[in-house]
Amino acid sequence: MLGPRMLASVRQGLRKSLSRNTRGWASGERKKVNITGIYPPVTTPFTANAEVDYGKLEENLHKLGTFPFRGFVVQGSTGEFPFLTSGERLEVVSRVRQVVPKDKLLLAGSGCESTQATVEMTVSMAQAGADAAMVVTPFYYRGRMNSAALIHHYSKVADLSPIPVVLYSVPANTGLDLPVDAVVTLAQHPNIVGMKDSGGDVTRIALIVHKTRHQDFGVLAGSAGFLLASYALGAVGGVCGLANVLGAQVCQLERLCLTGQWEEARKLQLRLIEPNTAVTRRFGIPGLKKAMDWFGYYGGPCRAPLQGLSPAEEEALRLDFSSNGWI
């Protein structure tokens, strides 16, 4: 657990970060990261009493570590981060960093509703061991979250973050797409290195890739369902929930795309669409955790108010995997 010494270190780091001259960081103190590759957004395991099960988290990470992932995303939507306390969010990042080899990138979801809270969480996650921060769009006041507001928000976070920032647009959860013009502006910030786009609009992904082509900025597909299309259009990787279950297959799809074996990639992509939809848009995290149980990982329960699948839903989930030859 994060003891008093670690918490004191986090607070000290935050004070230094908020008082530091931003121009000093922009001149090169912060390390750039190459986000190219595949990342599973890891789930947060819970006990029957709804406590975070850190032992099961470590077991899952050891199993996932056998695949050639570029790294791991922690505290994304799949990690149920809105249901965790701030202390739990930081403890999960710390535990994952202890388990994951240093050559694997750790992208930590640090987004909060206010800019100030996001800066504080980002600095704290850097202290806990994150290599980069993945920052979801604030959305509670979505009617006022226009390009100007979002550019201001992300610029302030990136100015004060000691680690690189990855933009995160997930309209299915937030009801808000990060506007393309805002992405293009933010891509010019020296501490913003890329974006995870989970919207599934490949024309939008293509436009972002095209308009940021002169920047040191990479686009990650936010789902395995459109991974092939995203690679074909210039994306540099993906954050794929399905990789928690079919990690070898998602990595194989990446390899086929990168080596130009498009026909084989197309065949594999088609077999991944239904199971991917099942563990994302159709049944969500409860569906993903149930599938993890089937494939030798610990899925376990979700934290309330999320509920498990009904018997009919579980049977439909199983069919989506079995009809494509995965079980």
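Is Lys289 buried or exposed? Lys289 is buried, because its relative accessibility is 0%. Here buried means under 20% relative accessible area, exposed means over 50%, and partly exposed lies in between (1.4 Å probe, protein chains only).

The model is predicted: local features need pLDDT of at least 70, side-chain atom pairs count only at pLDDT 80 or more, and totals for chains, interfaces and linings use all residues. Residues are numbered from 1 along each chain as its sequence is written, and side-chain values use heavy atoms, with hydrogens and water left out.

Lys289 forms a salt bridge with Glu80, with 2.7 Å between the closest N and O atoms. A salt bridge is a side-chain nitrogen of Lys or Arg within 4 Å of a carboxyl oxygen of Asp or Glu. Glu80 sits in the loop between strand S2 (71–74) and helix H4 (86–99), and Lys289 sits in helix H13, so the pair ties together parts 209 residues apart in sequence. Helices (H or I, at least four residues) and strands (E, at least two) are DSSP runs, numbered from the N terminus. Glu80 is also buried, at 1% relative accessibility.

The structure holds twelve salt bridges. Side chains of opposite charge can pair when their charged atoms come close. Arg95 and Glu91 meet in one of these bridges, at 2.7 Å from N to O. Both residues lie in helix H4, four residues apart, about one turn of the helix. Arg95 is buried at 16% relative accessible area. Glu91 is buried at 3% relative accessibility. Glu58 joins Glu91 and Arg95 in a network of salt bridges. Asp197 bridges to Arg204, again with the closest N and O atoms 2.7 Å apart. Asp197 is buried at 0%, and Arg204 is buried at 10%.

The largest pocket holds about 820 Å³ of space. Grid points are joined across faces, edges and corners, and a volume is the space filled by probe spheres set on the points. Of the 35 lining residues, Ser77, Thr78, Tyr168, Val170 and Asn173 are the closest to the centre of the largest pocket. Helices H7 (171–174), H12 (262–282) and H13 (284–294) each give two or more residues to the lining. H12 gives the most, with five. The lining divides into 18 nonpolar, 13 polar and four charged residues. Ala, Val, Leu, Ile, Met, Phe, Trp, Tyr, Cys and Pro count as nonpolar, Asp, Glu, Lys and Arg as charged, and the others, Gly among them, as polar.

Aromatic pairs number five in the whole structure. Rings of Phe, Tyr and Trp (its six-membered ring) pair if their centres lie within 6.5 Å; planes under 30 degrees apart count as stacked, over 60 as edge-to-face and the rest as tilted. Trp294 and Phe321 form an edge-to-face pair, 6.5 Å centre to centre, with 90 degrees between the planes. Trp294 lies in helix H13 and Phe321 in helix H14 (residues 311–322), so the pair ties together parts 27 residues apart in sequence. Phe321 is buried at 0%, whereas Trp294 is partly exposed at 24%.

Methods. 1 Å grid on protein atoms, 1.4 Å probe; cavity = no way out; pocket = protein on both sides within 12 Å on 5 of 7 lines; lining within 4 Å.
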